[in-house]
Amino acid sequence: MGLVDRVALVTGGSRGIGKAIAWELVGQGCQVGVNYIDFDQNKEQAEELVAEIIQSGGKAFAVKGNVADPSEADAMVHQVVNHFGRIDILVNNAGITRDTLLVRMKEEDWDAVIDVNLKGTFNCCKSAVKFMIKQKYGKIVNIASVVGLMGNVGQVNYGASKAGIIGLTKSLARELAGRNINVNAVAPGFIETKMTESLPESARENLVRQIPLQRLGKPEDVAHLVGFLVSDKAAYITGQTIPVDGGMVMN
Ligand SMILES: NC(=O)c1ccc[n+]([C@@H]2O[C@H](COP(=O)([O-])OP(=O)(O)OC[C@H]3O[C@@H](n4cnc5c(N)ncnc54)[C@H](O)[C@@H]3O)[C@@H](O)[C@H]2O)c1
């Protein structure tokens, strides 16, 4: 229970990897704002998750907001501070894909992915960091992807957004290192969530062959690393991007 009385915001926290991260933080005693965007049953899922957390004895509430919109991101961070009194941990997990080959990619596919994944991370960091600097304490974890490290066919927009997150993480870690704020990124490989459920069986089998540990990851595999990075056990780690990918990328 290393995070008792700490307060976190998890963007896109209603399902998938974000949901597992919310549970991981609650398990360590953290109070969690679960962000959702109001489409595709996310509101219901966020409210259900919050009810389950509260039932289990934890503290959480649902925060509506589109990370790509600077004023909504700012309002979200303020809601967390108003609700729990502070914000210690920001996990930038919200993300989307609009996969297709570059020659077929529309400008709006490019813009949408950059806006949510990269600008959304910037927007939330900008709002949360103001409070973290005043508190002289903060932990930021950005969810990147192995695609930002190694590339992938059909994902120039997604790969660019995730590589951008890795660059943002390094620069922000340097800016905030003197303020007792750690900034790191986690680069998941292929994790079993809604984002990957539409993969055809043949593509899935092909993928698994490229993974040394011979399976797709689970959201909890990612959440465990996030739980470590936001704990004081990781106080001497900043500016890093750590893959959770079954060995796909080896440095
Ligand atoms: N699943 C994978 O294999 C995998 C691999 C590498 C990285 N990732 C990254 O992990 C993160 C979580 O993905 P996931 O696999 O759980 O997928 P997911 O689609 O289940 O979760 C993404 C969440 O982000 C939310 N979201 C989307 N746009 C948003 C916006 N504008 N504002 C706020 N929330 C928004 C969605 O509603 C959803 O809850 C993403 O950043 C994704 O890029 C996933």
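Two residues are in contact if their C-beta atoms, placed from the backbone, lie within 7 Å. This is a predicted model, in which local features need pLDDT of at least 70 and side-chain atom pairs count only at pLDDT 80 or more, while totals for chains, interfaces and linings use all residues. Residues are numbered from 1 along each chain as its sequence is written. Helices (H or I, at least four residues) and strands (E, at least two) are DSSP runs, numbered from the N terminus.

**Helix 4 with helix 6**

- In helix 4, Asp109, Trp110, Val113, Ile114, Asn117, Leu118, Thr121, Phe122, Cys125 and Val129 meet residues of helix 6, namely Asn157, Tyr158, Ala160, Ser161, Lys162, Gly164, Ile165, Leu168, Leu172 and Leu176.
- This contact of helix 4 with helix 6 divides into 13 nonpolar, 5 polar and 2 charged residues (Ala, Val, Leu, Ile, Met, Phe, Trp, Tyr, Cys and Pro count as nonpolar, Asp, Glu, Lys and Arg as charged, and the others, Gly among them, as polar).
- Helix 4 (residues 107–135) packs against helix 6 (residues 156–176) at an angle of about 15 degrees, and their axes are 8 Å apart; axes are lines fitted to C-alpha atoms, for helices over the stretch in contact, and angles run from 0 to 180 degrees between N-to-C directions.
- Helix 4 and helix 6 are therefore roughly parallel to each other (angles under 35 degrees count as roughly parallel, over 145 as roughly antiparallel, 65 to 115 as roughly perpendicular and the rest as oblique).

**Helix 3 with helix 4**

- The axes of helix 3 (residues 70–84) and helix 4 cross at roughly 40 degrees and come within 9 Å, so the two helices are oblique to each other.
- Pro70, Ala73, Asp74, Val77 and Val81 of helix 3 meet Gly120, Asn123, Cys124, Ser127, Ala128 and Phe131 of helix 4.
- The residues of this contact of helix 3 with helix 4 comprise 7 nonpolar, 3 polar and 1 charged.

**Helix 1 with helix 9**

- Helix 1 and helix 9 (residues 219–229) have axes that come within 8 Å and cross at roughly 45 degrees, which makes helix 1 oblique to helix 9.
- Helix 1 passes helix 9 in a right-handed crossing.

**Ligand shell**

- The ligand is surrounded by 28 residues, of which Gly12, Gly16, Ala94, Gly95 and Thr193 are the closest (a residue is near a molecule if its C-beta atom, placed from the backbone, lies within 6 Å of it).
- Helix 1 (16–27), helix 4 and helix 7 (194–197) are the elements that give two or more residues to this shell around the ligand.
- The shell around the ligand has 12 nonpolar, 14 polar and 2 charged residues.

**Individual residues**

- Valine 183, in strand 6 (residues 181–188), counts as buried because it has 28 C-beta neighbours inside 10 Å (20 or more count as buried, 12 or fewer as exposed, and numbers in between as partly exposed).
- Not counting residues up to four places away in sequence, valine 183 touches Ile140, Thr169, Leu172, Ala173, Leu176, Thr238 and Gly239.
- Aspartate 40 lies in the loop between strand 2 (31–36) and helix 2 (42–55), and has a positive phi of about 55 degrees although it is not a glycine.
- Aspartate 40 counts as exposed, with 12 C-beta neighbours inside 10 Å.

Notes. Left-handed = near helix turned anticlockwise from the far one by under 90°.
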